[in-house]
Amino acid sequence: MILLFRGLLMQRDTRAVDPANEAVAVFLDFENLVLGVGGSGTGAPPIPSSALRWLCRGFGNASVRRAYADWRDARFGGYERALADNGIDLVQLGRSSPGSHKNAADIRLAVDAMETLIVHADIGVFVLVTGDSDFTPLVQKLREFGKHVIGVGASEASTSDRLLSVCSEYKFWETVLRQAEPTPSSAGRAPALGSTAGLESARQLLLRAVSQITTDTPTAGTIKNKMLALDPTFDENRHGFTNFRDFLAKVGGAKIVGRSGMDITVSVPTS
């Protein structure tokens, strides 16, 4: 294992990651997700099979899919069928002693993610479904090796600021549900979260990103990558837009001026 890790250090891939063209691995800290989404007693939505399916395919068709929980606990065991139907491997966590369970889950997930990093060099995108700050060192190590790390958490309130700051990008559960079960009435219309203040904040983030790009006609992908570098939680879907190009046009007043490969080049007013 040491020799393998040394070999990986020597062969580390430092190229920029394009998530759309990378193999994907998904790791679900399932107990953290269930308790964060539906364990508060506030009537929060459950975890539908469609959301699990989107997690496995929304960032690319994941070749590694694992969920960690004590499946003997009815709060988590009730999801076994939905997880299995989506090809997600169930990793059993035991309760050998009081207080040891949480650390066991964190360590097992981290070890499996690092093993995937070593054994499956083709995987460029790691999706970690958790809001736990204990996974911050794991995210930092994955990014050190040039991997694109997408965090997914139950809500802003239950997600660690430390974890948010180190992820390549971060999605909240409301976005997963909206992507997994889109409704015609929601297309192009800002949800409750997309307030005027929120849209203005997003516009200011866009302007900051554009001001830091050296070309006057950057690609849409370049702009979004810069916005995510400034704020990993940016997501146009949270403001009611189904795609980033729509956000650029309606919030930033961007005009398409050409193409670059599969992407478009745009001009964005700076005032």
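**View 1. Phe-30 and the residues it touches.** In this predicted model, Phe-30 touches Ile-47, Leu-52, Ala-67, Tyr-68, Ala-69, Trp-71, Phe-76, Tyr-79 and Leu-83. Residues up to four places away in sequence are not counted. A contact means heavy atoms within 4.5 Å. Residues are numbered from 1 along each chain as its sequence is written, and side-chain values use heavy atoms, without hydrogens and water. Local features need pLDDT of at least 70, side-chain atom pairs count only at pLDDT 80 or more, and totals for chains, interfaces and linings use all residues.

**View 2. The largest nonpolar core.** This core has 33 residues. Leu-28, Phe-30, Val-127 and Trp-173 touch the most other members. A nonpolar core is a set of buried Ala, Val, Leu, Ile, Met, Phe, Trp, Tyr and Cys residues joined through side-chain atoms within 4.5 Å. Buried means under 20% relative accessible area, exposed over 50%, and partly exposed in between (1.4 Å probe, protein chains only). The elements giving two or more residues include strand S1 (23-29), helix H2 (30-38), strand S4 (123-129) and helix H9 (173-180). Helix H3 (49-57) is also among them. H3 gives the most, with five residues. Helices (H or I, at least four residues) and strands (E, at least two) are DSSP runs, numbered from the N terminus.

View 3. Strand S7 (residues 255-260) and strand S8 (residues 263-267) pair in the antiparallel sense, over five bridges. Two strands pair if DSSP finds at least two bridges between them. Lys-255 has Ser-267, in S8, as its bridge partner. Two residues lie between the strands. Gly-261 takes a positive phi near 65° in this hairpin.

**View 4. Lys-224 in helix H11.** Lys-224 sits in H11 (residues 220-230). Lys-224 touches Phe-234, Glu-236 and Phe-244, not counting residues up to four places away in sequence. Asp-235 is eleven residues from Lys-224 in sequence. In space the two are 9.4 Å apart, C-alpha to C-alpha.

**View 5. The whole protein chain.** The chain has twelve helices and eight strands. Buried residues make up 48% of its 271 residues. Among contacts between residues at least 6 apart in sequence, 63% join residues at least 24 apart.
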